[in-house]
Amino acid sequence: DIQRIIGADIIMAFDECTPGDANYAYAKNSLELTERWLDRCIARFNETESPYGFRQSLFPIVQGCVYPELRKRAAENVASKEADGNAIGGLAVGEPKEKMFEMIEIVNEILPKDKPRYLMGVGTPADLLDAIERGVDMFDCIMPTRDGRNGRIFTKDGIINMRNAKWKDDFSPIEEDGASVVDTLYSKAYLRHLINANEILGLQIASVHNLAFYLWLVKEARKQIINGTFSTWKPQMIERVTRRL
């Protein structure tokens, strides 16, 4: 089923994303609305030819806030649609992190394991590894570029606040063994200057670096899974990437 979405345009079913602190009644009504929309969305998708000349894959979205009963109901309904892949939405929106992982575990016990499971809007490098451990296959998040534009750099050995004065005279590469050409092409001191001077090049370099780091991280996670070493590698990597440099 992974092969089915390679080269396809993934489109998401229409849904309502509830706040992380929504009460049960609101979350239930919202889920019912999302489920009605999903039925209409699938019907329209199935009767419509792609206007762009290439195949599309529709992903339903599991909602239900932080309520196990609602999440189970939503996951069962989504699984029954037999879509190319399935998404988990409405998390990382204000709920405690332990609740987010609890909901992921509940949902992934139900969603088909042979179809991509896409966690929407997550997250930090540590969040990605924790979610992968719980069966998530795909992610999207603004964090690499948003944080990069604010001078926050993710590396294999920790997080750098590039605005700090400590980097003013540090002419070492941004990351010695980084995943992008920008990591050795520019120094920390130069990147700090660009960011503090609000030069657009600094925001671009930081964004490129963070995106390359995130891609490296998930590729490395896949390698560790294949090698059977993920469970021992993951806590060590989380300890490294969460350091404040």
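Reader: How many helices and strands are there in the protein chain?
Author: This is a predicted model, in which local features need pLDDT of at least 70 and side-chain atom pairs count only at pLDDT 80 or more, while totals for chains, interfaces and linings use all residues. Residues are numbered from 1 along each chain as its sequence is written, and side-chain values use heavy atoms, with hydrogens and water left out. With helices (H or I, at least four residues) and strands (E, at least two) taken as DSSP runs numbered from the N terminus, the protein chain has ten helices and eight strands.

Reader: What percentage of the residues of the protein chain count as buried?
Author: Buried means under 20% relative accessible area, against over 50% for exposed and partly exposed in between, with a 1.4 Å probe and protein chains only. Of the 245 residues of the protein chain, the buried share is 45%.

Reader: Is α5 largely enclosed by the rest of the structure or open, and why?
Author: The buried residues of α5 (125-133) are Pro125, Ala126, Asp127, Leu128, Leu129, Asp130, Ala131 and Ile132. They pack, by contacts (heavy atoms within 4.5 Å), against α4 (97-108), β5 (117-120), β6, β7 (152-155), α9 and α10 (230-241). Because eight of its nine residues are buried, α5 is largely enclosed by the rest of the structure.

Reader: Which element supplies the largest share of the lining of the largest pocket?
Author: A pocket is an open set of points on a 1 Å grid over the protein atoms alone, where a 1.4 Å probe fits and protein lies on both sides within 12 Å along at least five of seven lines, and lining residues have an atom within 4 Å of a point. The largest pocket holds about 660 Å³ of space, and of its 21 lining residues the closest to its centre are Ile132, Asp137, Met138, Phe139 and Val218. At least two lining residues come from each of α5, β6 (138-140) and α9 (200-227). The largest share, eight residues, comes from α9.

Terms used. Grid points are joined across faces, edges and corners, and a volume is the space filled by probe spheres set on the points.
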